[in-house]
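Subject: The structure you asked to look at

Hi there,

I am handing this structure over to you. Please open it in your viewer and keep it beside this email while you read.

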Amino acid sequence: MIRFDNVTKQYWDGSCALKDVSLQIEPGDFTFLVGPSGAGKTTVLKMLIKEEVPTEGDVYLNEYSIPNLKSKFIPKLRREVGIVFQDFKLLPTRNVFENVAIALEVNNTRDDEIKNRVAEILSKVGLTDKSSHFPAELSGGERQRVAIARALVHSPIVLAADEPTGMIDPVSAWEIMQLLSKINDEGTTVIVATHNIDIVDSFKKRVIELKDGQIVRDEKKGKYHRHG
Amino acid sequence: MGKIFKRAFISIRRHGGLTLASVVMMSTTILAISLFVITAWVSNVVLQNLEAKAEITAFFSPDSKEDAVLSAKKALESNSRVLGIKYVSKDDALKSYQDQHQTEPTLLENITANIFPPSLEIRAKDINDLPSIYEELKTQPQIEDVVFYKDVVETFQSWVKAIRIGGLSLIGFLGFVSMLMIFLTLSISIHASASEIDILKLIGATKGYVRSPFIVQGIVYGTVSALIAALILTIVLPLSIPKIAPIFQGIDFPSLSYVTIGIAVAGEVFLGMVLGALGSLLAVRRYLRY
């Protein structure tokens with residue numbers, strides 16, 4: 001379970017990314033975070049991996065307070081909360097297999113285990129035949145699937161995706177969303193921050209709308225716009 | 001472990017120019033430190049030799065009876081500060097004179113033992129006691145003259161002290177500069193790999209996983225630099241020793257075994273590794289915060 005308790009994030013220059021945000025996401029939920037640029041969607045996701053910490057309030061993953069987590073536990077947190085970025089954040093000098101494998105390597109996983117697990121996850125995201133390709137040789141959609149595979153390789157309890165369809169064509173975007181839905185069906189909590197109206201509207205999942213750092217709407221089966 | 005080394009070597013290769021600058025700087029440092037250690041060792045041996053040879057010679061009047069000199073010797077031997085006393089009789093003095101002037105027969109004409117004063121050569125347990133023994137001997141009436149080359153020993157002592165202080169300061173300074181060089185090189189390496197490091201952190205890499213290749217990189221720089229310094233010394237020292245050796249004629253140097261040389265090289269490598277590791281640790285602590 002994820003819980004934000006009256007979370008505020010203010011920067012040194014006085015700007016405010018989040019203002020008194022409280023929300024709760026249950027295990028196995030599929031949640032869209034929507035809202036204009038600068039609304040605070042990315043800050044919410046960053047707080048889940050302690051990339052940002054609140055200036056006020058608290059963020060919980062199950063019973064653990066993320067802001068109070070000691071730095072030595074951050075790597076473990078980041079394996080529990082897999083994250084996918086709009087710009088994929090793949091290592092350009094490593095092929096598909098290596099880009100996924102690195103997530104296990106950093107955890108000192110044995111080589112034979114890495115080999116089996118990566119093969120399994122690449123098959124899941126439909127990239128088995130591209131395992132020796134480098135990121136530059138892949139389409140946007142394929143790159144995003146590599147990023148998802150990397151985030152999934154640790155079997156995280158939460159998968160957070162920040163604009164996962166932002167840099168890919170509409171067909172690939174739909175495929176990515178189908179993949180995320182499939183992952184959610186298997187029990188992983190999925191949170192997607194997005195601008196993609198069509199996707200949000202067609203999925204009919206929970207929608208949390210942020211504006212100027214505040215939650216302005218939280219609907220169980222919502223659409224992108226309140227009156228759309 | 002193999003993967004850490006692989007990542008370290010990739011980073012070393014990427015920053016070839018900086019690697020070269022760091023290694024040159026560190027080699028120079030380790031070379032300077034080695035030269036200082038050699039200089040300090042040589043001066044120590046010379047000082048020990050001088051100290052061992054430092055003695056006071058008390059000359060009695062030429063008409064002194066042997067018994068009187070020997071009883072003075074016996075009295076001095078009971079002095080706790082005295083290490084040993086050698087009695088040089090008139091005949092010994094003549095023989096020594098003759099030996100020294102073998103090639104100059106004119107100087108040996110009409111010379112008899114009678115003109116030489118008998119003397120006692122006194123060595124102290126502690127070289128610092130020589131001046132007080134000297135002062136005591138001067139007050140004794142049967143002793144005509146007391147000779148003590150204290151200036152030579154004292155001057156050399158102060159030289160050795162200066163070498164030690166100057167050398168240690170130099171080691172400190174060069175060691176600091178070396179570490180700074182490694183620090184800067186690794187800072188640049190870390191900055192150049194910033195996006196990769198960010199990704200690694202975001203996907204749950206441990207601190208150790210992210211830091212270890214950079215620490216290995218620093219240790220590799222230090223080790224390679226030390227080996228280069230050792231190689232230069234191995235080539236230069238045997239060539240320069242024959243030219244320097246005549247300066248130290250009469251000084252007994254302990255011979256250096258291969259084991260000693262091996263220990264010295266190992267010490268250099270260890271020093272290089274420590275400097276490299278410290279420089280890299282500083283850089284990762286400064287730039288790889290979690």
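Below is what was found in it, one part at a time.

This is a predicted model, in which local features need pLDDT of at least 70, side-chain atom pairs count only at pLDDT 80 or more, and totals for chains, interfaces and linings use all residues. Residues are numbered from 1 along each chain as its sequence is written, while chains are lettered from A and ligands numbered from 1 in the order in which they are written.

**Chain B as a whole**

Chain B has ten helices and four strands. These elements are DSSP runs (H or I, at least four residues, for helices; E, at least two, for strands), numbered from the N terminus. Along the sequence, their pattern in chain B reads α-α-β-α-β-α-α-β-α-β-α-α-α-α. Of the 290 residues of chain B, 26% count as buried. A residue is buried if 20 or more other C-beta atoms lie within 10 Å of its own, exposed if 12 or fewer, and partly exposed in between, with the C-beta atoms placed from the backbone. Among contacts in chain B with a separation of 6 or more, 86% come from residues 24 or more positions apart. Two residues are in contact if their C-beta atoms, placed from the backbone, lie within 7 Å.

**The sheet of chain B**

Strands of a sheet pair through backbone hydrogen bonds, either parallel or antiparallel. In chain B, four strands make an open sheet in the order 2-3-1-4, with antiparallel pairing. Two strands pair here if DSSP finds at least two bridges between them. Which strands are at the edges? They are strand 2 (82–88) and strand 4 (143–148) of chain B, and each pairs on one side only. On average, neighbouring strands of this sheet are turned by 20° against each other, direction ignored. For such angles, axes are lines fitted to C-alpha atoms (for helices over the stretch in contact), and the angles between N-to-C directions run from 0 to 180 degrees.

You can follow the sheet pair by pair:

- Strand 2 and strand 3 (residues 119–124) of chain B are joined by six bridges, and B:Val88 has B:Ser119 in strand 3 as its bridge partner.
- Strand 3 and strand 1 of chain B share four bridges, with B:Leu120 standing opposite B:Ala58.
- Strand 1 and strand 4 of chain B are joined by five bridges, and B:Thr57 has B:Val147 in strand 4 as its bridge partner.

Strand 1 of chain B has a covered face with B:Ile56, B:Ala58 and B:Phe60, and an uncovered one with B:Thr57 and B:Phe59. Helix 6 (residues 130–138) of chain B lies across strand 1 (56–60), strand 3 and strand 4 of chain B, and runs at about 165° to strand 4.

**Two crossing helices in chain B**

The axes of helix 1 (residues 2–14) and helix 9 (residues 207–244) of chain B come within 8 Å and cross at roughly 65°. Residues of helix 1 of chain B in this contact include B:Phe5 and B:Ala8, and those of helix 9 of chain B include B:Pro213 and B:Val216.

**Where the chains meet**

How many residues of chain B are in contact with chain A? Eleven are, and they meet 16 residues of chain A. Helix 8 (residues 194–202) of chain B gives the largest share of the chain B side, four residues.

**Some features of chain A**

Chain A has an open sheet of six strands in the order 6-7-8-3-9-10, with mixed pairing. Its edge strands are strand 6 (81–84) and strand 10 (214–219) of chain A. Strand 9 (residues 206–211) of chain A pairs with strand 10 of chain A in the antiparallel sense over five bridges, and A:Leu210 stands opposite A:Ile215 in strand 10 of chain A.

Helix 1 (residues 41–48) of chain A is largely enclosed by the rest of the structure, because seven of its eight residues are buried. Among them are A:Val44 and A:Leu45. After this helix comes A:Lys50, with a positive phi near 55°.

Finally, look for A:Thr128 in the loop between helix 4 (111–124) and helix 5 (140–152) of chain A. A:Thr128 is partly exposed, with 14 other C-beta atoms within 10 Å.

Enjoy exploring it!

Best wishes
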